[in-house]
Every structure is written in structure tokens, then in C-alpha cells.
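Please examine the sequence and the model below before reading on.

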Amino acid sequence: GVTRFKPGDEVMTDMFAAGRFGAFAEFVCAREKAFEPMPAGMSFEEAATLPHSAVLALQGMRLRDGRTFKPGDRVLIDGASGNVGPFAVQIAKAMGAEVTGVARGDKLDFVRSLGADHVIDYEKVDYTRAGERYDWIVAVDSHYPIRAVRRALKPSGVYLTMGGETGSICAAIGGSLLLSRFGNRWTGLMLWWKPMHRPDVDTLKELIAAGKLKPVIDRRYPLDQVVDALRWVEDGHARGKVVITV
């Protein structure tokens with residue numbers, strides 16, 4: 001019953017969109033709607049970095065109602081060197097923002113290479129206490145109390161977190177439900193993620209075609225070394241994406 005694709009087409013997917021797991025499998029069967037064509041001229045390894053991380057990064061640039069920042073606004077990406085962060089830095093720059101990337105000291109040059117205007121070493125500086133104010137903050141993995149982060153927001157500023165420890169996630173949910181109802185700053189957990197949302201996939205392809213977005217692959221591991229790959233990521237070594245080759 002497939003109508004959008006034919007044998008031999010090069011496609012990509014986020015298995016969340018297929019309603020199942022299986023990213024480490026050699027073969028997988030999923031519904032047609034879970035797949036999108038790969039960007040033209042991109043390798044399978046590069047395309048594999050896009051469906052989850054790049055889509056998340058793009059959706060972190062707007063609220064559920066479509067509100068986003070303006071060109072020239074100050075945007076901070078907390079977790080700029082790992083999985084989602086490098087995409088977020090590049091997308092924010094493509095949207096005209098003045099971007100600050102937060103990462104560990106030995107990764108700051110990498111974050112600068114992505115186009116960040118400013119960098120912060122989180123081992124030396126707590127950006128919530130540094131006195132700087134931002135229009136938009138995206139935390140890939142939150143580590144600061146939500147009330148502390150609100151200090152770093154400008155009036156009408158936005159703070160979005162995509163995950164973190166259980167306590168941070170619960171606090172972020174509370175922030176989106178309660179704190180954001182009082183005052184003009186929005187803070188909370190990004191609950192509106194839509195995996196493989198076609199308009200967002202199309203936007204990513206446009207950015208890639210324009211040379212404004214490029215996947216950064218730190219390491220490639222064969223499938224039989226998946227444990228080593230996961231350990232490399234878990235220990236915080238990765239600068240960009242780690243890919244499993246099948």
C-alpha cells in the first residue's frame with residue numbers, strides 16, 4: 001500500500017514517529033508515514049543525524065503557539081556541543097540571532113566553529129548568575145533550577161528545556177503550568193515535540209541546501225561496538241553526533 005516511495009529510494013526516519021523502537025536493528029518495518037526522503041546529496045550517516053536531533057533543535061526555536069525570537073535577539077543554547085546543541089546553534093544563527101553557546105571548556109572552540117558569537121564554560125561560569133539577560137534560552141539537558149534560569153531572561157523572554165534529571169523535568173513541567181501564567185516570561189518543558197513533522201523536515205532541508213546547516217559527526221562505530229559508542233556519549237566526550245553504522 002505504499003504510494004510515496006518506491007524500491008531504492010533513500011529515506012530517513014525517527015523511530016518515535018513509527019511508534020516503536022529499533023534504531024540499532026539491521027532491518028526494521030514501519031508505516032510509510034514515518035519516513036521522509038533524505039536531503040539530496042547527503043550520505044546515509046549524515047542523514048541519520050537529522051530526524052531526532054535536528055527536528056528537536058528546530059522545534060526548540062518556537063513555542064506551541066508559533067511564537068519565536070526576532071533577528072538580533074540574544075539566544076543561549078545550554079548544551080551546545082553534544083547531540084541537539086550543534087544543530088540548535090546553527091539554526092539560531094540562520095534565524096539571525098546573537099548566539100551564546102554553553103559547554104565544557106575543552107569544547108568551546110568546537111562551539112565557536114558552529115557559528116556561536118559567544119561561549120560560556122559551565123565549569124567556570126553559572127550563566128544564571130552572570131548578570132546577562134537573554135531573549136530565548138534552550139537547555140538541551142537542564143541542570144539549573146527553573147527559578148534561577150528565569151533570572152537570566154529578559155522581560156518577555158522564553159526558557160525551554162528538552163530534558164534532564166527527574167527533578168528538573170518535574171520543575172520544568174510545573175514552570176510551564178504555573179510560573180508562566182504569572183508575568184510575561186515563559187519557562188518550562190518543551191511538550192509539543194512532533195517527530196518527523198514534515199514542515200520542519202522541509203525547513204531543515206532548505207537550511208541544508210542553503211549551506212546554513214550541516215551535521216557534525218564526532219565518531220562512527222560499527223553495530224557490534226554499540227556499547228562503546230554509548231559509553232563515549234555517556235562519558236561526555238562527543239562533539240556532535242555519534243553514529244552507528246550498519
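The buried residues of helix α2 pack against several elements, namely β1 (11-13), α1 (44-47), α3, α7 and β10 (241-245). The model described here is predicted. Helix α2 spans residues 50-59, and 9 of its 10 residues are buried, so the helix is mostly covered. The buried residues are Leu50, Pro51, Ser53, Ala54, Val55, Leu56, Ala57, Leu58 and Gln59.

The axes of α2 and of helix α7 (residues 198-209) come within 10 Å and cross at roughly 95 degrees. An angle from 65 to 115 degrees counts as roughly perpendicular, and α2 and α7 are therefore roughly perpendicular to each other. On the side of α2, the contact is formed by Leu50, Ala54, Val55, Leu58 and Gln59; on the side of α7, Asp200, Val201, Thr203, Leu204 and Ile208 take part. Sorted by class, these residues comprise 7 nonpolar, 2 polar and 1 charged.

In soluble globular proteins, nonpolar side chains tend to be buried together. In this model, the largest nonpolar core has 45 residues, and Ile77, Ile91 and Trp136 touch the most other members. Two or more residues come from each of α2, β3 (74-78), α3 (85-94), β4 (98-103), α4 (108-113), β6, β7 (153-161) and α7. Of these elements, α2 gives the most, with 6 residues.

Which residues does Thr128 touch, not counting residues up to four places away in sequence? They are Tyr144, Ala148, Val149, Arg151 and Ala152. Thr128 itself lies in the loop between β5 (118-121) and β6 (134-139). Its relative accessible area is 3%, and because buried means under 20%, Thr128 is buried. The side chain of Thr128 is also joined to that of Asp126 by a polar contact of 2.6 Å.

Is Asp73 buried or exposed? With a relative accessibility of 11%, Asp73 counts as buried. The side chain of Asp73 reaches the backbone nitrogen of Lys70 at 2.9 Å. Leaving aside residues up to four places away in sequence, Asp73 touches Ala97, Glu98 and Asp135.

Arg74 likewise counts as buried, at 17% relative accessibility. Not counting residues up to four places away in sequence, Arg74 touches Glu98, Glu132, Arg133, Tyr134, Asp135, Trp136 and Lys154. With one of these, Glu132, Arg74 makes a side-chain to side-chain polar contact of 2.9 Å. Arg74 and Gly157 are 83 residues apart along the chain, and their C-alpha atoms are separated by 9.7 Å.

Technical notes: Residues numbered from 1 in each chain as written. Predicted model: local features only at pLDDT ≥ 70, side-chain atom pairs only at ≥ 80, totals over all residues. Heavy atoms only, no water. Axes fitted to C-alpha atoms, helices over the stretch in contact; angles between N-to-C directions. Helix = DSSP H or I, 4+ residues; strand = E, 2+ residues; numbered from the N terminus. Parallel < 35°, antiparallel > 145°, perpendicular 65-115°, else oblique. Contact = heavy atoms within 4.5 Å. Nonpolar A, V, L, I, M, F, W, Y, C, P; charged D, E, K, R; others polar. Buried < 20%, exposed > 50% of the residue type's maximum accessible area, 1.4 Å probe, protein only. Polar contact = N/O pair within 3.5 Å; in protein donor to acceptor, adjacent residues only side chain to side chain. Core = buried A, V, L, I, M, F, W, Y, C linked by side-chain atoms within 4.5 Å.
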